[in-house]
Amino acid sequence: MHIESTIRKGLGELFKFFKERVKDIEWNKDLSTVVSEIIIDKENKTLELLHRPQMIFELGKGAYRIEFKTSLALRKRLESYAVIVDLTGKERIIKTGRVPAEQALWTTILGIDSLKCNCPDNIFNTIRALRGLKEISRELARIIDYAGVFDKYSICKHTLYALGLGIGFHGLKTYSKHIDAVWAQIISLGVYYYTTKGKKLSREARVSLNKYIRGLLEKHNLLK
């Protein structure tokens, strides 16, 4: 199977799954609308990566490393070189263009027990998701932050792309833990954006979301 069609197939299955799962929170119409908007935005941005220069390395069965040349590096055509250390600790020589080495290449890792990227959006999404969680339950946010769930299974267009790659080759079931952790983060991001619009969750909504997110993560023993 051609690699692009494999990734496209995997992404199709992943985002279809997320869109169907919005039904789980349809009891809060405004929040489910925000979450749906996040899913569509992430899907569009992730699909754009199909045309981005990249290198894919298989680390083991079901585990991959993908290196994306950044849009900034693509715009700066004059090339220079730098040595970087990627998320696996390996040194690599890369072409950077007229940009700092740390802004020339994003490295994304889909591991058996991880989903990580070193891009700025990844970091910002983690921070925003934790802030959204605090609106649901400060205790749950503290537990998830301490366990590093959103650091181990983080979300950006690059990690979603990597997950699509894995799903395309091995199916949804292989990455059920990754998918549930990412879905919990998408809901938390939804709450963050929901509350930044000046809206507040009712006590009943906080209790329901707390129970729902805990259930997703406890199913995979991610809170220990």
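Is Phe15 buried or exposed in this predicted model? At 2% relative accessibility, Phe15 counts as buried (under 20% relative accessible area; exposed is over 50%, partly exposed in between, with a 1.4 Å probe and protein chains only). The model is predicted, so local features need pLDDT of at least 70 and side-chain atom pairs pLDDT 80 or more, while totals for chains, interfaces and linings use all residues. Residues are numbered from 1 along each chain as its sequence is written, and side-chain values use heavy atoms, without hydrogens or water.

View 1. Helices here are DSSP runs (H or I, at least four residues) and strands are runs of E (at least two), numbered from the N terminus. The two ring centres lie 6.1 Å apart with planes at 80°, so the pair is edge-to-face; rings of Phe, Tyr and Trp (its six-membered ring) pair if their centres lie within 6.5 Å, with planes under 30 degrees apart stacked, over 60 edge-to-face and the rest tilted. Phe18, at 0% relative accessibility, is buried. Together with Trp183, Phe15 and Phe18 form one aromatic cluster.

**View 2. Phe68 and Tyr161 form an edge-to-face aromatic pair.** Their centres are 5.3 Å apart, with 80° between the planes. This pair links distant parts of the chain, with Phe68 in strand β2 (residues 63–69) and Tyr161 in helix α7 (residues 157–170), 93 residues apart. Both Phe68 and Tyr161 are buried.

**View 3. Helix α4 has buried residues, including Asn122, Ala129 and Ile136.**
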